[in-house]
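I'd like to walk you through a structure, so please have it open while I talk.

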Amino acid sequence: MNIPYPDLTPVIPEIIMIVAATLLLLIELIAENKRPLGYIGIIVAAITIYLLPSFRGEAFGGMFISDAYSVYFKAIILISLILTILISLRYLQTEHADFGEYYSLLLFSATGMMLMASARDLIIVFLGIELMSLSLYILCGIKKQDPRSTEAAMKYFLLGAFSTALLLYGISILYGLTTTTDIYLVADYIRTTQATPALMLSMVLIIVAFSFKISAVPFHMWAPDVYEGAPTSITAFMSTAAKAAAFAVLGRVFFTAFPVFEPYWTTILIIIAILTMAIGNILAIAQTNIKRMLAYSSIAHAGYILLAIIAGTNEAMSAMMLYLLVYTFMNMGAFAIVILLEKGENIADYNGLSKSHPFAAALMLVFMFSLTGIPPTAGFVGKFYIFMAAINAGYTWLVVIAVIFSAISAYFYLRIIMNMYMKPLGETVGIMPSLGLAAALFISAVMIFLIGLAPSVVL
Amino acid sequence: MGHATHPAATEVPKSNYPLMRTAAMIPMLALLIFAGAELARTLNYPVLSTLIFLPIVGSAFIILSNRRHEALIRWTALIVSCTTFLLSLPLYTNFDKTTAKMQFIERYSWIPAWSAEYYIGVDGISVLFVLLSALLTILCVTVSWTSVQDRTKEFYAALLIIEGSMIGVFCSLDLFLFYIFWEAMLIPMYLIVGVWGGPNRVYAAIKFFLFTLVGSVVMLVGIIALYFATDRSFDMLRMMSTDYPFHLQMILFWAFFSAFAVKVPMFPVHTWLPDAHTEAPTAGSVILAGILIKMGAYGFLRFNLPMFPEASKALAPAMMVLSVIAIIYGAIICLGQTDLKRLIAYSSVSHMGFVTLGIFALNTQGVQGGILQMINHGIVTGGLFLLVGIVYERTHTRRIADYGGAASLLPVYSALFMIFTLASIGLPGTNGFIGEFLILLGGFTASKVLGVFAATGVIIGAAYMLWLYQNIFFVEINPGLLGHGFRDIGTREILTVLPLIILIFWIGVYPNTFLGFMDVSVQNLLARLNSAGQANVAWQIIEVVK
């Protein structure tokens, strides 16, 4: 039998990543010092970003597609990967979790996300999700001596496995009805048929599975616990890159496979989005642990991004992409500050930080205002674009709800600033500066102002 | 100035030196300003951009400097703010008063994808605010010279950023740019109130921030809706000449109203103001009272009136009623205050009620009076906050009951305070008279009943201000004050309030200098309002009441 050799050009970025990840596993065996592995990871990711735009097209009979949409998402994922490695280098050593597999797993996970961004077939979606999630489960528990980390890993694994099962169930029903997993063929089938209960069920199951991944209410319960327990660097990675990948699939699958059912799934998503913004923003107010607070904030931000999916225009898609990019920088920056402080998990640890470490406090101020969405930071530009797209699509009332919740969110972000600038200095918290952290903070802060003042560079 | 040479001067021997020194410095300073204005006039530079970005660059310089060099930081702030003011003078000398068109226009492409532009310019309505912002910032720097000791670097950096964004708000002709400046100044203002303020500062700061933010985000939705209604354009001049359908005008009016009413602040949403003004440090109070709350009234003039003329006409009666409520309510609350700054803060609510009353009277006298009264209020209330800050630095108390008989301890100071008190009451010869008179004239023309009610605010205003003055400066000397070993007001402090005193009498005696700036622009604005569709039922009700 003559099997044609597939054209692998579009997949080259993923191949590079997989090869690098595997090589890292091997080098790890002989490397005494694990830090160079991180450097290799950064270099590989940087090269991959550089190469991304030049490898376009379809592969594997159209199951995999590399287009402008996927390239943008892959860039976000890889930027997030680079920043994650930068903030991990020193952090892992202080946490006694300096295992070489860490970097390798990060690369595997990022590759899974990249597959998700390029998937045009539900099988690829599933492969990508599994590769991403399995690596993340391990990474969450990599602080082996810390019971909270283990608990986070266990919780994430159980709930993640549950959501994957739901996804599989949805896909298999869909396959049973349409005899295909290619989302274009699924769309063709749906166009010729009625909205049968089985079809609706499969759609709902897929929505539920992805709501788990983006931590949308009411499927958000895992997020605060996992974000709190996981190593901070992994929390940062999960809240940015993993979320971007899940949104990439959500954007592509729903618009390609179920365009006919748009009224149905927008109704479901509107309810989910409102709940997500409400629960995320309101519960964040009550938190005393900053990682938990950022977890709820991350839930709330997923709510804003869902607005773009609901709006569903091309403009809304680019708004979503811009928002995820912006969110990556500001969230990474905030987590980098959490890592920078020797003891920075409790919100009370930030009391008087502007006196002991004015520069760190000023950076945190920028990240918090950006998360609130106050100009001239990038957070404002991101929100503005999403709101603009949603209003243009006719969802003005939904945007009014979103801006009100966005104003409420100011309260808990401002609380950090209040603690840093307006509370007297408690016990002095030391900081652990390192070159990697400094680089990550610098990149985040510069990008926040650059995108905030000249959004044209990324539009 | 008879106080200074009073026999009491022998007991406080140094008290007349500052006066003499000030008197000696005035000609020098006047010469400097004159020379600076002449120089700035001949130079060729983008005036408005310079005014926006020079303070921001200065603030960046301060941020990058070493925090131990406090003197360097202070002098940088002073030099930057003075230079900004001098460079703003061409707006005064080169402004063409015969046209309602925008002047000093700068226009560059900024975000082509959204057709947002860097588009700035001033007309007769905004130009005075730019000048006032530049002037007040200098005074904020000098008054904080010794009172701000904690984190000096951050303080002056924040102050200069506020200056840049304030000027940006008044110059923006692109709605997106406007919103950026409008919101950006929240950050430094929040910090100034919250970090360098009084005992209850944290509560006041967050209240200020949340009130303003909620109002602003609703406006943001309105801005986006307006953007699509104007065919994807943020060009404000284009919006001012587009006729939107009536129902859209009504919705957008309320959206913009929510942001501006909070800023002004109008009656039901004014509660942040007493807290913020009271707790803010002196410079913060001056900026808040002098410029920040003017941005709300300016917003009505720049957005609501010309962009939604029919809605403005329809809703003007409601706005006037709210204004009158603010005038009387604010004044009555003042009568019951025990805190010096809180009293002046509530008097702002009352005075800003006059401003919005004048604006929504929708006639020449009312609108001109409204604009002039905004400037007046900036000068007078800004000055009162400066003076209160000066005495607070010595006594560290704001309770009125802790004062008494200060006139014999601080003769020069009490004379200066008197000038501001009388201007605040609106005595003829001071600027307050001109503004309030024009507004009452305009208000009376629009509705006799409301005009009469508003006039009672003037009377109550006189009552609380004179009561305040009496309790602080006359009555018997409060023994608690003697312990402080008072120094009368010094040269730096006199120079700080002097420009405001000059302006009080200048506007009071010859207001045409300033009214001349706005005349054509206001006529143009009213022509736009009158050419819009006829007023509806609500206005006819007012006609009947008349």
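This is a predicted model: local features need pLDDT of at least 70, side-chain atom pairs count only at pLDDT 80 or more; totals for chains, interfaces and linings use all residues.

Let's start with the largest nonpolar core, which has 397 residues. The residues with the most contacts inside this core are A:I77, A:A245, A:L307, A:A308 and A:M320. Which helix gives the most to this core? That would be α13 of chain A, residues 314–340, which puts in 21 residues.

Leaving aside its neighbours within four places in sequence, A:A308 is in contact with A:A316, A:M317, A:A319, A:M320, A:Y323, A:I386 and A:A389. 

Now, the place where the two chains meet. The contact takes 23 residues from chain A and 26 residues from chain B. On the chain A side, the elements that give two or more residues are α16 (378–392) and α17 (396–422) of chain A. Of these, α17(A) gives the most, with 12 residues. And what kind of residues are on that side of chain A? They divide into 19 nonpolar, 4 polar and no charged.

Still in chain A, go to A:D121, in the loop between α4 (101–118) and α5 (122–140) of chain A. Is A:D121 buried or exposed? A:D121 counts as buried, because there are 22 C-beta neighbours inside 10 Å, and the cut-off for buried is 20 or more. Leaving aside neighbours within four places in sequence, A:D121 is in contact with A:M63, A:T181, A:D182 and A:I183. Take A:M63 from that set: A:D121 and A:M63 are 58 residues apart in sequence, yet their C-alpha atoms are 4.9 Å apart in space.

One more stop in chain A, at a pair of prolines. A:P375 and A:P376 are joined by a cis peptide bond, with omega about 5°. You'll find A:P376 in the loop between α15 (358–372) and α16 of chain A.

Over to chain B, then. Its secondary structure comes to 24 helices and 2 strands. The C-alpha trace spans about 70 × 55 × 45 Å along its principal axes. For a chain of 546 residues, a compact globule would have a radius of gyration near 24 Å, and chain B has 23 Å, so the two agree. Buried residues make up 58% of chain B. And if you take the contacts in chain B between residues at least 6 apart in sequence, 82% join residues at least 24 apart.

What do those strands do? Strand β1 (residues 103–111) of chain B is joined to β2(B) by 6 bridges, and they run antiparallel. As one example, B:E106 has B:I120 in β2(B) as its bridge partner. Together β1(B) and β2(B) form a hairpin with 4 residues between them, and in the turn B:S115 has a positive phi of about 50°. Strand β2, residues 116–122 of chain B, is largely enclosed by the rest of the structure, because 5 of its 7 residues are buried. 

Now a helix to look at: α16 of chain B, residues 364–395. At 1.5 Å a residue, its 32 residues should span 46 Å, and the end C-alpha atoms are 45 Å apart, so that agrees. This α16(B) is mostly covered, with 27 of its 32 residues buried.

Let's finish with some loops of chain B. Look between α9 (201–229) and α10 (236–240) and you'll see B:D231. B:D231 has a positive phi of about 65° although it is not a glycine. B:R232 lies in the loop between α9 and α10 of chain B too, and its phi is positive, about 55°, although B:R232 is not a glycine either. Are they buried or exposed? B:D231 counts as exposed because it has 10 C-beta neighbours inside 10 Å, and B:R232 counts as exposed because it has 11; the cut-off for exposed is 12 or fewer.

Last one: the peptide bond from B:V264 to B:P265 is cis, with omega near -10°. B:P265 lies in the loop between α11 (246–263) and α12 (272–279) of chain B.

Definitions and conventions
Residues are numbered from 1 along each chain as its sequence is written. Chains are lettered from A and ligands numbered from 1 in the order in which they are written. The radius of gyration is taken over C-alpha atoms; the globule rule is 2.2 Å times the number of residues to the power 0.38. Two residues are in contact if their C-beta atoms, placed from the backbone, lie within 7 Å. Ala, Val, Leu, Ile, Met, Phe, Trp, Tyr, Cys and Pro count as nonpolar, Asp, Glu, Lys and Arg as charged, and the others, Gly among them, as polar. A nonpolar core is a set of buried Ala, Val, Leu, Ile, Met, Phe, Trp, Tyr and Cys residues joined through C-beta atoms within 7 Å. Two strands pair if DSSP finds at least two bridges between them. The expected span of a helix is 1.5 Å times one less than its number of residues.
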